[in-house]
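Please find below a note on the model, arranged by topic. It is meant to be read with the coordinates open.

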Amino acid sequence: MSFVMPKYNAPDFTKIEFRNAPDVKTERVEADGVAPEYYHSTSMYPEYFKINGEWILAKESRMDSCVVIGDGGELKVVEARNLKIGDRVILGRTENCEEGIFLHPDGFSAPDEDIDDKFVFRQGRSRETSYSRDYDNLFELLKHEKEHGNIVWVMGPAFAFDADARRAMQLLIENGYAHGVLAGNALATHDLEGALLHTALGQDIYTQKSQPNGHYNHLDICNKVRRSGSIPEFIKEYELNDGIMCSCVKNGVPVVLAGSIRDDGPLPEVISDVYKAADAMRGVVKNATTVICMATMLHTIATGNMSPSFRVMEDGTVRPLYIYTVDIDEFVVNKLLDRGSLSAITVVANVQDFITLVAKGLGLM
């Protein structure tokens, strides 16, 4: 079995509905962060806009944003909060050429798989679902992406609580299967706790036995890292060499740690401003061709909302952006589908078991 990239089928712009469609209407922004009335809101799918008689694809899209026509005619997808006075925003609430806007949800479908209702929600998947084919497809996809794509991992702290899971993720990073990591203070803190003290929340990450005064361990880690001034300096000072954060630092994998109101410490690299954190996350996601979200509902939804279902490559080709969401709770994995990210592939599984199986499937363990 080998990976085959699905071919993108662009709309047939010779059809009468495209030829007869009007150019889009626009309106200038009058106040920073405020969209004009009747603005068009984007989806995760490819969207085309008719400008001066030509249908143009918005190349870097995301859900729930506005489309701005730049001074050079380029299309920019911009969150409403980032709109500036004078921005020329596309208007329209229909998506089938009526207002010069066309939503193309089935660009990677075979001709006989056309979708009649563009926003029909699929049935969710459960722990009874067979995932064997999903795993085989994922193994081949990751092998392809290692050489030709960009893999971003979105992680909750569960990985840091298990020795094998930490080892599996470390091997994936060291062997080129990670080009970015999105997480929070907890994942980084407990992973570094595992590296220095072999515990997570005071429990041994292999035996799960609680250590004396172990409830201080993660607090001590936060304090030590803050004293060192940064995570890389802490790793260097204590000569650490295992786990997720160590492997990211040593292999130059960018990490974005988004803060939470409940964070201890936090670590120096944690971004406490939610909008700055979102911008930093999007800076990593905009390069992704595969995103794998594991055991974190809020980070998963945030990442899914800023990820389109496609990616326009440097040579102009359009390919899918693969999104996986993995959690032991069916509600969590299906939540992303309920929010409209219909191209997400869901896997109901213990994430420690999932990542270990992935590492083994790639021949790393």
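Predicted model: local features only at pLDDT ≥ 70, side-chain atom pairs only at ≥ 80, totals over all residues.

1. Helix H3 against helix H11. Two packed helices are described by the angle between their axes and the distance between the axes. For H3 (residues 163-174) and H11 (residues 351-361), the axes come within 8 Å and cross at roughly 40°. The two helices are therefore oblique to each other, and H3 passes H11 in a left-handed crossing. On the H3 side the contact is made by Asp-164, Ala-165, Ala-168, Met-169 and Leu-172, and on the H11 side by Gln-352, Ile-355, Thr-356, Val-358 and Ala-359. Sorted by class, the contact has 7 nonpolar, 2 polar and 1 charged residues.

2. Helix H2 against helix H11. H11 also packs with H2 (residues 132-148): their axes come within 10 Å and cross at roughly 60°. That angle makes H2 oblique to H11, and here the crossing is right-handed. H2 contributes Tyr-135, Leu-138, Phe-139 and Leu-142, while H11 contributes Phe-354, Leu-357, Val-358 and Gly-361. The class count for this contact is 7 nonpolar, 1 polar and no charged residues. Val-358 of H11 is among the residues in contact with H3 and is also among those in contact with H2.

3. Helix H4 against helix H7. The axes of H4 (residues 185-197) and H7 (residues 244-251) come within 7 Å and cross at roughly 100°. H4 is thus roughly perpendicular to H7. Leu-187, Ala-188, Asp-191 and Leu-192 of H4 meet Ile-244, Met-245 and Cys-246 of H7. These residues divide into 6 nonpolar, no polar and 1 charged.

4. Arg-319. A polar atom of its side chain lies 3.3 Å from the backbone oxygen of Thr-289. Leaving out residues up to four places away in sequence, Arg-319 touches Met-5, Phe-108, His-144, Glu-145, Thr-289, Thr-290, Ser-309, Phe-310, Arg-311 and Met-313.

5. Thr-289. The side chain of Thr-289 has a polar contact of 2.7 Å with the side chain of Glu-145. A polar atom of the Thr-289 side chain also lies 2.8 Å from the backbone nitrogen of Asn-150. With residues up to four places away in sequence again left out, Thr-289 touches Glu-145, Gly-149, Asn-150, Arg-311, Met-313, Arg-319, Pro-320, Leu-321 and Tyr-322.

6. Helix H9. Which residue caps the N-terminal end of H9? The cap is Thr-296, with a side-chain oxygen 3.4 Å from the backbone nitrogen of His-299. Within H9 (residues 297-305), the buried residues include His-299, Thr-300, Ile-301, Thr-303, Gly-304 and Asn-305.

7. Backbone details. Most residues other than glycine have a negative phi, and most peptide bonds are trans. The peptide bond from Gly-265 to Pro-266 is cis, with omega near -15°; Pro-266 lies in the loop between strand E12 (255-258) and H8. Asp-64 is not a glycine, yet has a positive phi of about 60°. Its place is in the loop between strand E3 (54-57) and strand E4 (66-69), and its relative accessible area of 49% makes Asp-64 partly exposed. Gln-208, not a glycine either, has a positive phi of about 65°. Gln-208 is in the loop between strand E11 (203-204) and helix H5 (217-228) and is partly exposed, with a relative accessible area of 37%.

8. Asp-329. This residue is in the loop between strand E16 (322-327) and helix H10 (330-338). At 37% relative accessibility, Asp-329 counts as partly exposed. Its C-alpha atom is separated by 8.7 Å from that of Asn-350, which is 21 residues apart from Asp-329 along the chain.

How values were computed: Residues numbered from 1 in each chain as written. Heavy atoms only, no water. Axes fitted to C-alpha atoms, helices over the stretch in contact; angles between N-to-C directions. Helix = DSSP H or I, 4+ residues; strand = E, 2+ residues; numbered from the N terminus. Parallel < 35°, antiparallel > 145°, perpendicular 65-115°, else oblique. Left-handed = near helix turned anticlockwise from the far one by under 90°. Contact = heavy atoms within 4.5 Å. Nonpolar A, V, L, I, M, F, W, Y, C, P; charged D, E, K, R; others polar. Polar contact = N/O pair within 3.5 Å; in protein donor to acceptor, adjacent residues only side chain to side chain. Buried < 20%, exposed > 50% of the residue type's maximum accessible area, 1.4 Å probe, protein only.
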